[in-house]
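Student: I have a structure open and would like to learn how to read its features. Could you take me through them one at a time?

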Amino acid sequence: GENVEQHPSTLSVQEGDSAVIKCTYSDSASNYFPWYKQELGKRPQLIIDIRSNVGEKKDQRIAVTLNKTAKHFSLHITETQPEDSAVYFCAANRGYGGSQGNLIFGKGTKLSVKP
Amino acid sequence: ETGVTQSPTHLIKTRGQQVTLRCSSQSGHNTVSWYQQALGQGPQFIFQYYREEENGRGNFPPRFSGLQFPNYSSELNVNALELDDSALYLCASSLFPRDYEQYFGPGTRLTVT
């Protein structure tokens, strides 16, 4: 079946450094790729997303890139701050039929930003 | 914070019992998706409800069932609870088919003993 692989599972950076999280997906029909941030004990929060007709999207310190040919997409966080510490999940939608809105999630990356 | 709410917050049940979880979607949204999140894992898609009908289902057995009401709120029912059903159950609302963005509720923590 369809799946989403996410790497690394843990990432530790110094405050001010950049962080990059990478995901690959298997469903060639997927056309929507969101990223969620989940702090301990809280709900997943949508932080940025990208559609398949766009190669890159940026929102202040975060950016997402998509390579449809290689079926991978990445999250880039610049100038990291301690409040960026959380678990980050990538996801891809099932791209067929009435299930286009259904998301397949990666296993998550625990990001720790050290002051 | 999103306008998606869930109840109850926590629940403890015994193996073999049945449970009903509830979700109210964000204003303006017409679709509710349910996910199961085991500890240390990403959310796993259970099913989605659109126009009061199931619109896609993940790899979950029939003892997981749901409903959507005319006001777009939704219920998740789980029968014959098993220990492995212990997890955080999240619902997410969206405006299908126009938008794909899904916004999560705070979740219900279910513990099966």
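Student: How many salt bridges does the rule find across the interface of chain A and chain B?

Tutor: A salt bridge is a side-chain nitrogen of Lys or Arg within 4 Å of a carboxyl oxygen of Asp or Glu. Across the interface of chain A and chain B, the rule finds 0. Before going on, note that this is a predicted model, in which local features need pLDDT of at least 70 and side-chain atom pairs count only at pLDDT 80 or more, while totals for chains, interfaces and linings use all residues. Residues are numbered from 1 along each chain as its sequence is written, chains are lettered from A and ligands numbered from 1 in the order in which they are written, and side-chain values use heavy atoms, with hydrogens and water left out.

Student: How many residue pairs are in polar contact across that interface?

Tutor: A polar contact is a pair of N or O atoms within 3.5 Å; within protein, one must be able to donate a hydrogen and the other to accept it, and residues adjacent in sequence count only if both atoms are side-chain atoms. Between chain A and chain B there are 6 such residue pairs, both residues being at pLDDT 80 or more.

Student: Which strands of chain A supply the side that touches chain B?

Tutor: Strands here are DSSP runs (E, at least two residues), numbered from the N terminus. At least two residues each come from strand S4 (32-38), strand S5 (45-51), strand S9 (86-93) and strand S10 (103-105) of chain A. By class, this side has 7 nonpolar, 9 polar and 5 charged residues. For the classes, Ala, Val, Leu, Ile, Met, Phe, Trp, Tyr, Cys and Pro count as nonpolar, Asp, Glu, Lys and Arg as charged, and the others, Gly among them, as polar.

Student: What area is buried between chain A and chain B?

Tutor: Buried area is the accessible area (1.4 Å probe) that two parts lose on being put together, summed over both. Here that area is about 1900 Å², and carbon and sulfur atoms give 49% of it. In chain A, the most area is lost by Arg43(A), Asn102(A) and Phe105(A), together 30% of what that side buries.

Student: How are the rings of Tyr36(A) and Phe105(A) placed?

Tutor: Rings of Phe, Tyr and Trp (its six-membered ring) pair if their centres lie within 6.5 Å; planes under 30 degrees apart count as stacked, over 60 as edge-to-face and the rest as tilted. The structure holds 15 aromatic pairs over all chains. For Tyr36(A) and Phe105(A), the centres are 5.6 Å apart and the planes at 50°, so the pair is tilted. Tyr36(A) lies in strand S4 and Phe105(A) in strand S10 of chain A, so this pair ties together parts 69 residues apart in sequence. Both Tyr36(A) and Phe105(A) are buried, that is, under 20% relative accessible area, where exposed is over 50% and partly exposed in between (1.4 Å probe, protein chains only).

Student: Which residues form the aromatic cluster?

Tutor: Tyr36(A), Phe89(A), Phe105(A), Tyr35(B), Phe45(B) and Phe104(B) form one cluster.

Student: Where is the cis peptide bond that involves Pro8(A)?

Tutor: Most peptide bonds are trans, and most residues other than glycine have a negative phi. The bond from His7(A) to Pro8(A) is cis, with omega near -5°. Pro8(A) is in the loop between strand S1 (4-7) and strand S2 (10-14) of chain A. In chain B, a cis bond joins Ser7(B) and Pro8(B), with omega about -5°.

Student: Is Arg51(B) buried or exposed?

Tutor: Arg51(B) counts as exposed because its relative accessibility is 64%. Its phi is positive, near 55°.

Key:
Helices (H or I, at least four residues) and strands (E, at least two) are DSSP runs, numbered from the N terminus.
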